[in-house]
Each structure stands twice: as C-alpha cells, then as structure tokens.
Amino acid sequence: MSIRKSFIVFTIACLALAKANPQNINALLPERSILNFMASSSQTLQDNPTQSLACFNYYIPLIDEVAQEYQYDLSNCSSNFQKSQQSAIDATVDERNQLAKTVNGTCAVLVQCENEDTADDIFQCYINQGPVEAKALYGVATNATSQYAALEELIRQAQNIQDMCNTQAKVKYENNSTQAYAELNSCILNNTPIPSSTVAPPSSPSSSASTDNTSSSASTAAETSTAPPTTTSA
C-alpha cells in the first residue's frame with residue numbers, strides 16, 4: 001500500500017513539474033520550490049490524490065506566472081540600470097573629446113620642436129614649451145580625475161536604484177508566491193474549493209422582469225380557471 005501511495009505522489013510531482021516552466025522553477029527561491037512544498041505535503045497528497053491533482057492543475061500555472069513576473073521584474077531592474085549607466089557614460093563624450101584635443105595639441109607642439117632649423121633652436125623649443133605643455137597635461141590629469149569621479153558617482157547611484165528595485169521585486173514575489181502556495185495547500189486540504197474558471201453571467205433586470213410578468217400572468221390565468229361560475233338570479 002505504501003508503495004502505491006508513493007507512486008501516486010511521484011506521479012503528481014511529475015505532472016506538476018510538467019505543467020510548470022522548468023526555467024521558472026529554477027529561478028524560484030528555495031523556500032518556494034514546488035518540490036519542497038510537495039515534500040512537506042506528501043501525506044496530504046497520499047490521502048486525497050484526485051483532489052490534489054485537480055488543485056495542482058489549477059494552481060501550478062498561477063505559481064509559474066508569479067515566477068515569470070518575478071523574472072520580468074528583475075530583468076526590468078537590470079535593463080534600467082544598464083540604460084542609466086550607458087546614459088551617464090554617453091554624457092561624458094564632450095569632456096573626453098576636449099581632453100583628447102588638449103593632449104593632441106600638446107603633443108603637436110612638442111613634436112614641432114623637431115622641425116626647428118638648428119640644434120640650438122630645437123633645444124630652446126623643448127626648454128620653452130616643455131613646462132607649458134607639462135602644465136597643460138597636468139590639467140588634463142586633474143580634469144580627468146574629477147570627471148571620472150563624477151561618472152563613478154552616477155553609476156553608483158544607478159546601482160543603488162537597481163538594488164532597491166531587485167529588493168522590491170523579491171518582496172513582491174515572496175508575498176505573491178506565499179499566497180499562491182497557501183491557497184494551493186488549502187485546496188489540497190479541501191478547506192477551500194477549486195476556483196472555477198467560468199462563471200455564469202447574472203441575469204439581466206429585463207429578463208428578470210419578464211420572468212416575473214410571465215409568472216404573474218400564469219398565476220392570474222390559474223385563478224381564473226379555478227373560480228366558480230357566477231349565477232344570475234331571475
């Protein structure tokens with residue numbers, strides 16, 4: 001008997017996992033995994049396998065949807081971070097171009113010293129232009145340091161936003177998955193019925209009134225047919 005019950009539980013597990021997206025199952029937090037849930041509910045699954053399977057058929061797609069939504073939220077968090085990071089980098093294009101222009105100009109001045117007519121002129125060019133261009137290069141290093149620090153700060157802020165986004169997504173997932181598993185467990189315990197996917201539409205007021213009128217007419221006709229005939233005295 002125990003072997004048969006174990007086989008039933010194993011079959012339910014296979015069917016449940018088959019209905020769920022494997023990629024989403026792998027993304028589930030450990031405390032929310034279907035296998036862990038089934039391991040903690042094995043006795044209940046054995047007691048009423050038909051009810052359990054029906055519950056799984058309804059709730060597994062919902063649990064899978066919760067996992068998909070979690071992955072989607074995390075993907076959005078990452079995508080927004082990458083956009084913010086790239087936007088911060090793109091905003092430094094003008095500064096980087098200006099640094100490159102300064103460096104190229106400095107190098108061009110020093111290279112030009114080679115083209116002086118005499119050795120004396122060449123040395124004098126280096127002596128005179130070296131300190132000037134060295135000061136320019138020092139300014140490049142200073143500006144680059146400042147601009148890079150500003151870029152790092154923007155990226156750090158974007159990273160903090162992503163971290164908060166990931167935390168919010170995780171809290172949302174944990175709340176939704178906890179509720180879904182609680183409803184699944186309640187369904188397996190037969191404490192709550194399996195929700196129906198189809199609900200009969202309510203009758204319209206006009207049709208209700210028509211029904212009432214029909215009933216009233218039928219009642220009047222019945223009373224008329226059963227009333228005794230009226231006699232007239234001479």
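The entries cover the basis, the helix contact and then the rings.

Basis. I worked on a predicted model, where local features need pLDDT of at least 70, side-chain atom pairs count only at pLDDT 80 or more, and totals for chains, interfaces and linings use all residues. Residues are numbered from 1 along each chain as its sequence is written, and side-chain values use heavy atoms, without hydrogens and water.

Helix pair. I looked up α6 (residues 93–112) and α7 (residues 119–188), whose axes come within 10 Å and cross at roughly 165°. Helices here are DSSP runs (H or I, at least four residues), numbered from the N terminus. The two are therefore roughly antiparallel (angle over 145 degrees). On α6 the contact (heavy atoms within 4.5 Å) includes Leu 99, Val 103 and Leu 110, and on α7 it includes Ala 136, Leu 137 and Val 140. I noted nine nonpolar, six polar and two charged residues in this contact (Ala, Val, Leu, Ile, Met, Phe, Trp, Tyr, Cys and Pro are nonpolar; Asp, Glu, Lys and Arg charged; the others polar).

Rings. I found two aromatic pairs (ring centres within 6.5 Å; planes under 30 degrees apart are stacked, over 60 edge-to-face). Tyr 58 and Tyr 59 are edge-to-face, at 4.9 Å between centres and 80° between planes. Tyr 59 is buried at 4% relative accessibility (buried is under 20%, exposed over 50%, partly exposed in between, with a 1.4 Å probe and protein chains only), whereas Tyr 58 is partly exposed at 29%.

Tyr 70 and Tyr 173 are stacked, because their centres lie 4.6 Å apart and their planes are at 15°. Tyr 70 sits in α5 (residues 49–90) and Tyr 173 in α7, 103 residues apart.

How values were computed:
Axes are lines fitted to C-alpha atoms, for helices over the stretch in contact, and angles run from 0 to 180 degrees between N-to-C directions. Angles under 35 degrees count as roughly parallel, over 145 as roughly antiparallel, 65 to 115 as roughly perpendicular and the rest as oblique. Rings of Phe, Tyr and Trp (its six-membered ring) pair if their centres lie within 6.5 Å; planes under 30 degrees apart count as stacked, over 60 as edge-to-face and the rest as tilted.
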